[in-house]
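Please look over the sequence and the model shown here before reading on. The report then follows a few side chains and their partners.

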Amino acid sequence: ASDVYKRQVRITATDLNIRSGPGTGYARKGFIKPGVYTIVEESTGAGASKWGKLKSGAGWVSLDYCTKM
């Protein structure tokens with residue numbers, strides 16, 4: 001059995017889009033507020049070196065604008 005992937009990141013950008021999937025080709029679902037968030041999955045995709053899936057289920061954010069905790 002594999003361990004569940006979880007990582008906390010700090011977001012400082014005030015206009016970072018939440019996307020419905022890992023890439024800029026996916027629909028925007030709004031903006032994420034600055035703060036600390038838990039990422040449960042990582043993926044590659046268009047428009048960023050890595051995308052992270054938010055634990056809340058809100059969607060995906062570019063990890064280029066996040067700092068690891």
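The sections below cover the basis of the model, its salt bridges and one serine.

## Basis of the model

This is a predicted model, in which local features need pLDDT of at least 70 and side-chain atom pairs count only at pLDDT 80 or more, while totals for chains, interfaces and linings use all residues. Residues are numbered from 1 along each chain as its sequence is written, and side-chain values use heavy atoms, with hydrogens and water left out.

## Salt bridges

Side chains of opposite charge can pair when their charged atoms come close. The structure holds 2 salt bridges (a side-chain nitrogen of Lys or Arg within 4 Å of a carboxyl oxygen of Asp or Glu). In one of them, the side chains of Glu 42 and Arg 7 meet at 2.8 Å, N to O. This pair links distant parts of the chain, with Glu 42 in strand S4 (residues 35–45) and Arg 7 in strand S1 (residues 7–11), 35 residues apart; strands are DSSP runs of E, at least two residues, numbered from the N terminus.

Glu 42 also forms a salt bridge with Lys 50, where the closest N and O atoms are 3.9 Å apart.

## A serine in strand S6

Ser 62 is found in strand S6 (residues 60–62), and Ser 62 is buried, with a relative accessible area of 4% (buried means under 20%, with a 1.4 Å probe and protein chains only). Leaving aside neighbours within four places in sequence, Ser 62 is in contact (heavy atoms within 4.5 Å) with Leu 16, Ala 48, Lys 50 and Trp 51.

Technical notes: Helix = DSSP H or I, 4+ residues; strand = E, 2+ residues; numbered from the N terminus. Buried < 20%, exposed > 50% of the residue type's maximum accessible area, 1.4 Å probe, protein only.
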